[in-house]
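Open the model in your viewer and keep the selection tool at hand. We will go stop by stop.

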Amino acid sequence: MADVPETAQRPKRVLISYAQESDDHRARIRKLADQLRAHGIDAMIDQYEPHPPEGWPLWMERQIEHADFVLVVCTEIYRQRADGTEQPGRGLGVAWEADLIREELYRSAHRNERFIPVVFDAGHQRVIMKKLADATFYVLNEHELDATSNDNGYVKLYRHLTGQPLVVKPELGRPIKLDAINAPVAASLVEFATQTPSQPTSNTTAPKPASMGTVLVTEATADMKPFADDFTRFLRESGFDVLVQPTYSIERDVRSELGQAIEQAKLVVQVLGPVPFAKSVFLKPTRVEQWIADKATNNRTTPLRLLSWRSPTTNVSLIADDDYAQLVESVTTCDPELFKKTMLDRLATLTAKEPASGRTLFVHYHSTDLASAKALVSQAEAVAEDELSEELEVFRIDESRDAAVAIGDDPVHGLLVVYGQCDDKWVEEHAKTLKKVSNAANLKYKLGKPPGAIVKANVERPPLRRVPGDWDEFAATEPQKLEHFVATVCGKEVQS
């Protein structure tokens, strides 16, 4: 099992709710919490904080509120205390926690996304508290808390907590174009490219972001097609228009339409597998794969326009056709995810622009937080001008504007999202969108990912439960943190 990158996102917060029924049971719970923490899960139990200054009821309420998940360790005693059938005066902690769980399930219309029942004995399914009886439960063995195997309850639970399912639903591929037997000529390459699933079929008035350029992904054989489709989706999501070569045919001369597409594209991506296309009478003795490579690199000012990829599992020695084997062997192999980065790096080299002088900061907010956003903009501009002597252009974006349109072709040096009257979900969704749009915009200028921060404008609100990876979070009442953030945006440092 590969390690999850430490910088990918903040650790998941998990609270373990259980009954204090014996020393052995407490030790079992502590062992589970210790193991989760060793595997990057921010697990919390009462044993880690035996004397909370705010008292147990408030401590537990806050732990449940801020946890991404709550593991409910179900036993007969836990069920009795949760259902109120235990002896009066005993197990008040579990009864309180169970009430908090039921209250949150009630508020969420019984949609359970956080509370996970676990048992240490498969026969204990019957003791799961009633409100969680229909939830997926996990059977753990305290002696097999191993995340490197797919055959125990712990790793299944760990996959749930970290969002790493054992089976991932494949993305939809693009339709295969089949020519009618009496069709005089196939549709042109550019026309076919507009019929891919990623483009809407209904009329829409939403503005389309400016394209960062056109990429041609040439047709791949059936065994390599899933990779080609994955690269196509990734490029489109990154802001590029993608032309897709129609199904190859040895009975039709594709040189004209394919040649035009190659000339139109800033980058030509070629996916090669162990099986070549059949030779066409129109291209003999050259293969179509070699013809594409020659066309993309000949008579051009830069040979960087061609980027070829082959799977690391391709064994060149098993390819029977010598000329195709030679072509495949000349292609560098790498992991598909690394190749995606390689494509963006190559496109950044081919499309890079010189950014204008000065720095840009985008402040995103809900219209209910207009006053807070204006105050934040004023503070940021004052810091840049008075403290840093730096030219900083600050733009405000509310929920009525499309972030991609608002940012357009401008480089992004910093992002702020106001957390005031709007809810957590609004902040999380818009922060995610801003990250995606700004990263795509900065590719044009060979700039890296801009720093981002959530600014809590309402001091009464609790901290955001899910802060985007690599982002900061601070309150509007912390001017020193704002100064440090603005200094980072301006490429300077603030003296402490």
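A cavity is a set of grid points where a 1.4 Å probe fits but cannot get out. With that rule, this predicted model holds two cavities of 30 Å³ or more.

**Stop 1: the largest cavity**

Select Glu 219, Val 271, Leu 272, Phe 277 and Glu 289. Of the 16 residues lining the largest cavity, these lie closest to its centre. The space inside is about 100 Å³. Now colour β8 (267-272) and α9 (288-297). These are the elements that give two or more residues to the lining. What classes of residue make up the lining of this largest cavity? Nine are nonpolar, five are polar and two are charged.

**Stop 2: the largest pocket**

Next, go to the largest pocket. Its volume is about 1700 Å³. Select Lys 432, Lys 435, Lys 436, Asn 439 and Lys 449. Among the 40 lining residues, these lie nearest the centre of the pocket.

Show α7 (225-237), α11 (336-351) and α14 (424-443). Each supplies at least two residues of the pocket lining. Which of them gives the most to the lining? It is α14, with 10 residues.

**Stop 3: helices α2 and α4**

Two packed helices are described by the angle between their axes and the distance between the axes. Select residues 56-66 for α2 and residues 92-107 for α4. Their axes lie 10 Å apart, at an angle of about 35°. The crossing of α2 and α4 is right-handed.

Show the side chains at the contact. From α2, take Pro 57, Met 60, Glu 61 and Ile 64. From α4, take Trp 96, Glu 97, Leu 100 and Glu 104. Five of the contact residues are nonpolar, three are charged and none is polar.

**Stop 4: helices α12 and α15**

Now pick residues 370-387, helix α12, and residues 479-489, helix α15. At what angle do the two cross? The angle is roughly 65°, and the axes come within 9 Å. The crossing of α12 and α15 is right-handed.

On the α12 side, select Leu 376, Gln 379, Ala 380, Val 383 and Ala 384. On the α15 side, select Leu 482, Glu 483 and Val 486. This contact has six nonpolar residues, one polar and one charged.

**Stop 5: confidence**

Finish by colouring the chain by pLDDT. The average is 81, and 85% of the residues score at least 70. Now select residues 1-8. Here pLDDT stays under 50, and the model has four contacts beyond four places in sequence. Then select residues 183-208. The pLDDT is below 50 here too. This stretch, 183-208, has 35 contacts in the model beyond near neighbours in sequence. How should you read such places? Where pLDDT is low, the predicted coordinates should not be read in detail.

Definitions and conventions: Residues numbered from 1 in each chain as written. Predicted model: local features only at pLDDT ≥ 70, side-chain atom pairs only at ≥ 80, totals over all residues. Heavy atoms only, no water. Axes fitted to C-alpha atoms, helices over the stretch in contact; angles between N-to-C directions. Helix = DSSP H or I, 4+ residues; strand = E, 2+ residues; numbered from the N terminus. Left-handed = near helix turned anticlockwise from the far one by under 90°. Contact = heavy atoms within 4.5 Å. Nonpolar A, V, L, I, M, F, W, Y, C, P; charged D, E, K, R; others polar. 1 Å grid on protein atoms, 1.4 Å probe; cavity = no way out; pocket = protein on both sides within 12 Å on 5 of 7 lines; lining within 4 Å. Points joined across faces, edges and corners; volume = space filled by probe spheres on them. pLDDT = per-residue confidence, 0-100.
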